[in-house]
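Student: Could we go through this structure together, one element at a time? I would like to begin with a strand.

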Amino acid sequence: LREDAEVVVRWTYWVDDGVDEKEDGWYDYDPGAGEIVEAKFQQWLQGSFDKAFSVKSGTFNYNVDFAHMQQQNLDLKTRKVRKILRHGQELRRGTCPENFVWCWRQEENGWRCAGGSHFEPYRV
């Protein structure tokens, strides 16, 4: 991790059954739920607990299981189980010619601005 960087995390779940007319793909947890899940994940990594826990995201409650990287809906009769995924992204503060404040790592050779059109290679 560079000195001028920080890691930003987001949690997603996989949809492949057309629920709520969603196309197949990864969808973000609600921001508040994502923060709770990340805090629990950090505890889990440190061995603080080994069981699943419940969290509310949107209108439903879910049982989250890091050992299997899945969630289960606790409110619906189907008790649908879905895959979950943690996305960590190294961000760097700075500005590009278009005045975007955040830039993120693009592959292994540089940074792309939040606007997407400006690329800055790493300087060695």
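Student: Which residues form the covered face of strand 3, and which the uncovered one?

Tutor: The covered face of strand 3 holds Phe-53, Val-55 and Ser-57, and the uncovered face holds Ser-54 and Lys-56. Strands (E, at least two residues) and helices (H or I, at least four) are DSSP runs, numbered from the N terminus. This is a predicted model, in which local features need pLDDT of at least 70 and side-chain atom pairs count only at pLDDT 80 or more, while totals for chains, interfaces and linings use all residues. Residues are numbered from 1 along each chain as its sequence is written, and side-chain values use heavy atoms, with hydrogens and water left out.

Student: In what sense does strand 3 pair with strand 4?

Tutor: Strand 3 and strand 4 (residues 60-65) pair in the antiparallel sense over five bridges; pairing requires that DSSP find at least two bridges between two strands. Phe-53 stands opposite Val-64 in strand 4. The hairpin has two residues between the strands, and Gly-58 takes a positive phi near 70° there.

Student: What is Val-55 in contact with?

Tutor: Leaving aside neighbours within four places in sequence, Val-55 is in contact (heavy atoms within 4.5 Å) with residues including Ala-33, Val-37, Phe-60 and Val-64.

Student: How many residues does the largest nonpolar core have?

Tutor: It has twelve, among them Trp-11, Tyr-29, Phe-41, Val-55 and Ile-84. Such a core is a set of buried Ala, Val, Leu, Ile, Met, Phe, Trp, Tyr and Cys residues joined through side-chain atoms within 4.5 Å. Strand 1 (5-15), helix 1 and strand 3 (53-57) each supply at least two residues of this core.

Student: Now helix 1: which of its residues are buried?

Tutor: Ala-33, Gly-34, Val-37, Glu-38 and Phe-41 are the buried residues of helix 1. Buried means under 20% relative accessible area, exposed over 50%, and partly exposed in between (1.4 Å probe, protein chains only).

Student: Why do they line one face of the helix?

Tutor: Seen down the axis of helix 1, the buried residues fall within an arc of 135°, so they line one face. The arc is that of the directions from the helix axis to the C-beta atoms. An α-helix has 3.6 residues a turn, so residues three or four places apart point the same way.

Student: Where is confidence lowest?

Tutor: Confidence is lowest in strand 7 (residues 102-106), at a mean pLDDT of 48, and highest in strand 5 (residues 70-73), at 96. pLDDT is the predictor's confidence in each residue, from 0 to 100. Where pLDDT is low, the predicted coordinates should not be read in detail.
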